[in-house]
Amino acid sequence: MAAAPPSYCFVAFPPCSKDGLVVFGKNSARPRDEVQEVVYFAAATHDPGSKVECTYIEIEQVPKTHAVVLSRPSWLWGAEMGANEHGVCVANEAVVTREPASESEALLGMDLVRLGLERGATAREALDVIVALLEEHGQGGNYYEDGSSCHAFQSAFLIVDRNEAWILETSGKYWAAEKITEGVKCICNQLSLTTKIDAEHPELRNYVRSQGWWNDDTDFNFSEVFSLADDHLACCSGRESLEKQGGDVSAQTMIDVLRDKDSGVCVDSESFLTTASIVSVLPQDPSFPCVHYFTGTPDPSRSIFKPFIFVDDVKLVPKVQSPSFGDDDPAKKIPRFQEKPDRRHELYKAHEWARSLLESDQDKGQKLMRIMLDLEKQGLEAMEDILTRTEILDPAEVVDLFYDCVDTELKFFK
């Protein structure tokens, strides 16, 4: 398999975004045939001494975990991207550095996404969780469901809440992070941190000195020190589109950027595809709820973004969850990935049918797409109403929100 193409993550803060909103978005570019599911896990308390089984290793559980909603490749424990009940969003990027990534099974970057969300009530807390777990357990193992070859990467993260964002880039257990509070930022599958570093591993500079990668004669530039040759160019595709919006970046703007194939933000190549997407709107005023839009299906230019809001007793949506294979799952057996089971969920199968219709009968396909986009627009308008009204949201109004949107989408396909 070729090297991973750029997956893009974005965040826009006021004054670039609308109405005091922080807007976050990510396209997850993964192997073409990989299925992503959207899963919700309620907040929970855990017994002292209990363990949690991540994708490859077991680690100590914490006393309490926050409620999370995740978009994840359905064979693994972690997530490509997601959000928690406190308005924290985290997305992961696979990156290559001059330090070879470990093929030994440890925590995946995607496990760290979920662990940060389950354990951090702010962006900074999530960052602290991730770097502490990196120090303790390390990162490594196969990023793909592939029994013939191990694809190991280092990890970068975009961690966002209502007030700030952190870009966290790692190589092994070493890391550096930059804090963002305004403007537009984009990260992709290349290192992007330069000399503005707001937090770092305490031994980072000693380590790179010992490797002969840097001495004190020049400013410490994380990307230059850790990148292979010139592989640290800015990931600007899409960012320019957002910056052109002036102060008007909204959920719709972010969705439009994620759908853009000409810029390369929406990946559709022989080996890789944008297999799922997320857009989150985080009002800086904490009296308003955060709204998270998920596709749950590949190619955002042919998918619709469906809203989710955290409330107690939110209705689960089995139609975007892949079948479970328990201990018989080839991802859990050693050697791993000797077979590939059918992980397609109901919405994924319906989406496959719609894609074949688009390709075989353009008129019918385009008519269906217009209906779907109209459905999406209604959802966006309803959420905008919730974010601009003065009265407090009644949880009963949105407890079935994501469930109903998925159900309606399936009815249109049928």
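Biologist: Which way is the crossing of H7 and H9 handed?
Modeller: In this predicted model, helices H7 and H9 cross in a left-handed manner. H7 covers residues 346–360, and its axis comes within 10 Å of that of H9, the two crossing at roughly 35°.

Biologist: Which residues make that contact?
Modeller: From H7 the contact takes Glu-346, Leu-347, Ala-350, His-351, Trp-353 and Ala-354, while H9 contributes Val-406, Glu-409, Leu-410 and Phe-413. Sorted by class, the contact of H7 with H9 has seven nonpolar residues, one polar residue and two charged ones.

Biologist: Switching to the sheet, what's the strand order?
Modeller: The order is E14-E1-E2-E16-E17-E18, an open sheet of six strands with antiparallel pairing. At the edges are strand E14 (184–187) and strand E18 (306–308), each of which pairs on one side only. From one strand to the next, the twist averages 15°.

Biologist: And what does H9 touch on the sheet?
Modeller: Helix H9, residues 401–413, packs on the sheet by touching strand E17 (291–294) and E18, and its direction makes about 165° with that of E18.

Biologist: Back to E14, how many bridges join it to E1?
Modeller: Four bridges join E14 to strand E1 (residues 9–12), and the two run antiparallel. Within this pairing, Val-11 stands opposite Lys-185 in E14.

Biologist: What about H6, mostly covered or mostly open?
Modeller: Helix H6, residues 251–258, is mostly covered, since six of its eight residues are buried. Those buried residues are Ala-251, Thr-253, Met-254, Ile-255, Val-257 and Leu-258.

Biologist: What covers them?
Modeller: The cover over the buried residues of H6 includes the strands E1, E2 (21–31), E16 (272–283) and E17, together with helix H5 (239–243) and helix H8 (362–388).

Biologist: New topic, how many disulfides does the structure hold?
Modeller: It holds zero disulfides.

Biologist: Is Cys-290 buried or exposed?
Modeller: Cys-290 is buried, with a relative accessible area of 9%.

Conventions
Residues numbered from 1 in each chain as written. Predicted model: local features only at pLDDT ≥ 70, side-chain atom pairs only at ≥ 80, totals over all residues. Heavy atoms only, no water. Pairing = 2+ DSSP bridges. Axes fitted to C-alpha atoms, helices over the stretch in contact; angles between N-to-C directions. Contact = heavy atoms within 4.5 Å. Left-handed = near helix turned anticlockwise from the far one by under 90°. Nonpolar A, V, L, I, M, F, W, Y, C, P; charged D, E, K, R; others polar. Buried < 20%, exposed > 50% of the residue type's maximum accessible area, 1.4 Å probe, protein only. Disulfide = S-S within 2.5 Å.
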